[in-house]
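Student: Could you show me how to read nonpolar cores and aromatic pairs in a structure? I would like the general idea and then the case at hand.

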Amino acid sequence: MKDQFASQRTNVSQKMAEAPFTAEEPDVTQEHALWGAFAEASTVEAFCQSWLALQCRMIGGTQAGIILLGPPDRGPFRPVATWP
């Protein structure tokens, strides 16, 4: 499962890196790549990684983001996605 997670994360990262994003001028190519990665996510980790990238792009001034998952209200929690 860790190999699958690493593969999914690599695929999402590659799609996001194909067209660098600049805050001044949104890139339609990267936008499509981000939404494509989100739509094609086949694991929780891939879904979270692509969702976080989309959210961080939409929220002005965002410098970093992380998603932690674990049993509600008690943990332990583990990082499943980071941005950038």
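Tutor: We will look at the core and then at the aromatic rings. Keep in mind that this is a predicted model.

Student: Which residues make up the largest nonpolar core?

Tutor: In soluble globular proteins, nonpolar side chains tend to be buried together. Here the largest nonpolar core has 6 residues: Cys48, Leu52, Cys56, Ile67, Val80 and Ala81. Two elements, α3 (44–58) and β2 (78–83), each give two or more residues to this core. Helix α3 gives the most, with 3 residues.

Student: What does Cys56 touch, leaving aside residues up to four places away in sequence?

Tutor: Cys56 is in contact with Thr62, Gly65 and Trp83.

Student: Now the rings. How many aromatic pairs are there?

Tutor: The count is 2. In one of them, the ring centres of Trp35 and Phe38 lie 5.7 Å apart with planes at 90 degrees; angles over 60 count as edge-to-face, so this pair is edge-to-face.

Student: Where do Trp35 and Phe38 sit in helix α2?

Tutor: Within α2 (residues 28–40) they are 3 residues apart, so about one helical turn separates them. Trp35 is partly exposed at 39% relative accessibility, and Phe38 is partly exposed at 23%.

Student: What geometry do Phe38 and Phe47 have?

Tutor: Their ring centres are 5.0 Å apart and their planes are at 35 degrees, so the pair is tilted. Phe47 has 40% relative accessibility and counts as partly exposed. Through these ring pairs, Trp35, Phe38 and Phe47 are linked into a cluster.

How values were computed
Residues are numbered from 1 along each chain as its sequence is written. This is a predicted model: local features need pLDDT of at least 70, side-chain atom pairs count only at pLDDT 80 or more; totals for chains, interfaces and linings use all residues. Side-chain values use heavy atoms; hydrogens and water are left out. A nonpolar core is a set of buried Ala, Val, Leu, Ile, Met, Phe, Trp, Tyr and Cys residues joined through side-chain atoms within 4.5 Å. Buried means under 20% relative accessible area, exposed over 50%, partly exposed in between (1.4 Å probe, protein chains only). Helices (H or I, at least four residues) and strands (E, at least two) are DSSP runs, numbered from the N terminus. Contact means heavy atoms within 4.5 Å. Rings of Phe, Tyr and Trp (its six-membered ring) pair if their centres lie within 6.5 Å; planes under 30 degrees apart count as stacked, over 60 as edge-to-face and the rest as tilted.
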